[in-house]
Amino acid sequence: MKRIMTITLALLMTIGSIWAQTSAVKNAAKSVFTLNTYNSEGLLTATSHGVFVGDNGECISDLRPFVDAAKATVTDAKGNIMNVTRILGVNDLYNVIRFRVDGKTTPLPLATQSASSGQQVWLVSADNGKTIATPATVNNVEQFMDQYAFYILALQAPDNTTSCPFVNQNGEVIGIQQASATSFNIHAVDARFVRTLCTNGMSLGNSTMRKIGIPMALPADKEQALLTLMMSGEQADSIKRSAIVADFIAAYPEMSEGYAAEAQMALNAKDFDRAAQSMETAIKKVTNKDEAHFEYGKIIYNKELYLADHPYKPWSLDKALDEVQQAYAINPLSNYQYQAAQIIFSQGAYEKAYEMFMNLTHSDIRNPEQFYGAARCKQLMQAPEREVIALLDSAIVNTDTLRLYEAAPYFLLRGQMYNQTDSFRQAVFDYTRYEILSNGQVNDSFYYMRHQAEVKGRLYKQALSDITAAILLNPREPMYYAEKASLELKVNRVEDAMTTAGYCVKLAPEYAEGWLLLGLAQVNNNMKQEGLKNMAKAKELGNEQAQSFIDKYEKEN
């Protein structure tokens, strides 16, 4: 009798254990969701699955449906639909993603250890609200990154189970299924690895992340978050940048950078009220008040400098200066003085700005920009060119050779100064260095300017090349054709001059200079009567030189 009772008790314990295992596996279905992604027009582009791994909307799933998606939603086991709000991390190699939705979720616990070969696990999915737990055997476990598992499982997977979780007997997720070209030898990626995916300051540049229309989450590390905020100005569209800025302000309300970025976005949209509100909020909330005043001054200064044709009564250069001076009163940083000098320069107080720039060349932030600022002041004060050139020499000498491209404007201005002192070849040399440091990103006006210096410096071949470049960039400007025709006459390329002047008068029939040059070219090509006729046409159109040329050539036999 005692033996029968012992056997019965053991059997009941075994049955209880099996029931508990089955219950734990089936309960895992509460954490499985259906994923839908949509394009920018709201059309469904892909359907997959995934699993909740946190109670505040943290999810893991398949990456591929998100590529080129503008929106995504998940539907949980109870039929609740939640929007995907942030991308928490991606991995292209294993095609997995971690993201967040806007709702409370039921997480599935992660297994603390990898499953082993030969172990039984279950693929958990659902069909019309009914839990499906499909048993599978782990065939092989490949380790990666020294701690995570890539599983190969023997299983004939049911349809529509991509990215559903594999769980162990305790209902703990070991991995999520990957899409496969066959029904057997299904693969799964360790859920613990997917859970570690996160963003950093360089994530905005990730090619896959750029293809996902949903904003990425701000990195948890403050320095990485700040880097992301800075990078978003160049690498994120307006929707993603707005999300990053909002998240930064929410995470770090005591820092001025988020408010300044928000104000800059408003400034770009010409919403000056909102920009002012952002910076006034910053002044109230941030820890370092001087930074907030300084950033506000910069915002106003940029508006007054680049959007002066959009008046905003509360703002002015005086207001910008006042904000920067308040920053300096709180914390006397040289950088604040430099900003004040730039504002004072823009106000036209060149002598005062010059003194400030020169004082800063002896400060802890000495840099070539201060010498350049001082040179600009001297130039506008109509100081002797040699004084301006000396300051520009200092700007160039103090430029880091590894950042020589920053010296491009210094060479341009120095070239202009050399041109004014009749040092034409030195001017051409500086213009050329400007072109090189600008990576050739110059316009027709630049080529025309260098062409003039080259003509005066008797560098005729180079001058012809540059005036031709100006024409190619702006073929509707008749003056360029006239300049080219004049130079072709100077170097005795008479037929070329006739052709160029012909283009000029055809382009601009009312441009007197073109008719005069056409006439001169014809006279020099033994077409005197035609030439005199076109010179007379130039005179009719108001050219004051035409008569003297007519008188000269009429006297000749």
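## A lysine and an arginine in loops

K270 counts as partly exposed because its relative accessible area is 40%, where buried means under 20% relative accessible area, exposed over 50% and partly exposed in between, with a 1.4 Å probe and protein chains only. This is a predicted model, in which local features need pLDDT of at least 70 and side-chain atom pairs count only at pLDDT 80 or more, while totals for chains, interfaces and linings use all residues. Residues are numbered from 1 along each chain as its sequence is written, and side-chain values use heavy atoms, with hydrogens and water left out.

K270 sits in the loop between α6 (256–268) and α7 (272–285); helices (H or I, at least four residues) and strands (E, at least two) are DSSP runs numbered from the N terminus. The phi of K270 is near 60 degrees, which is a positive value in a residue other than glycine. Most residues other than glycine have a negative phi. R458 also has a positive phi, of about 60 degrees, although R458 is not a glycine, and it is found in the loop between α16 (444–456) and α17 (460–473). R458 is exposed, because its relative accessible area is 62%.

## A barrel of strands

In the order β1-β2-β3-β6-β5-β4, 6 strands close into a barrel with antiparallel pairing, where two strands pair if DSSP finds at least two bridges between them. From one strand to the next, the twist averages 40 degrees, an angle taken between axes that are lines fitted to C-alpha atoms, on a scale from 0 to 180 degrees between N-to-C directions.

Strand β1 (residues 32–38) and strand β2 (residues 44–52) pair in the antiparallel sense over 7 bridges, and F33 stands opposite G50 in β2. The hairpin of β1 and β2 has 5 residues between the strands, and in this hairpin G42 takes a positive phi near 85 degrees. Strand β2 is in turn joined by 3 bridges to strand β3 (residues 58–62), and these two run antiparallel; the bridge partner of F52 in β3 is C59. The hairpin that β2 and β3 form has 5 residues between them as well, and G57 in its turn has a positive phi of about 95 degrees.

## One cavity

A search of the whole structure finds 1 cavity of 30 Å³ or more, a cavity being a set of points, on a 1 Å grid over the protein atoms alone, where a 1.4 Å probe fits but cannot get out, and lining residues having an atom within 4 Å of a point. The largest cavity has a volume of about 30 Å³, where grid points are joined across faces, edges and corners and the volume is the space filled by probe spheres set on the points.

The lining of the largest cavity consists of S61, D62, R64, N95, V96, S163, I176, Q177, Q178 and A179. The elements that give two or more residues to this lining are β3 and β11 (173–177). The lining residues divide into 3 nonpolar, 5 polar and 2 charged, where Ala, Val, Leu, Ile, Met, Phe, Trp, Tyr, Cys and Pro count as nonpolar, Asp, Glu, Lys and Arg as charged, and the others, Gly among them, as polar.

## Aromatic rings that meet

The structure holds 22 aromatic pairs, where rings of Phe, Tyr and Trp (its six-membered ring) pair if their centres lie within 6.5 Å, and planes under 30 degrees apart count as stacked, over 60 as edge-to-face and the rest as tilted. One of these pairs is formed by F66 and F99 and is tilted, with 5.1 Å centre to centre and 50 degrees between the planes. Because F66 lies in the loop between β3 and β4 and F99 in strand β6 (residues 96–101), the pair ties together parts that are 33 residues apart in sequence. Both F66 and F99 are buried.

The rings of F272 and Y312 have their centres 5.5 Å apart and their planes at 45 degrees, so this pair is tilted. The pair links distant parts of the chain, with F272 in helix α7 and Y312 in the loop between α8 (289–306) and α9 (317–330), 40 residues apart. F272 counts as buried because its relative accessibility is 8%, and Y312 is buried, with a relative accessible area of 15%. Ring pairs also link Y94, F144, Y148, F150 and F193 into a cluster.

## An exposed alanine

A329 belongs to helix α9 and counts as exposed, because its relative accessibility is 65%. The C-alpha atoms of A329 and D290 are separated by 8.1 Å, while the two residues are 39 residues apart along the chain.

Conventions
1 Å grid on protein atoms, 1.4 Å probe; cavity = no way out; pocket = protein on both sides within 12 Å on 5 of 7 lines; lining within 4 Å.
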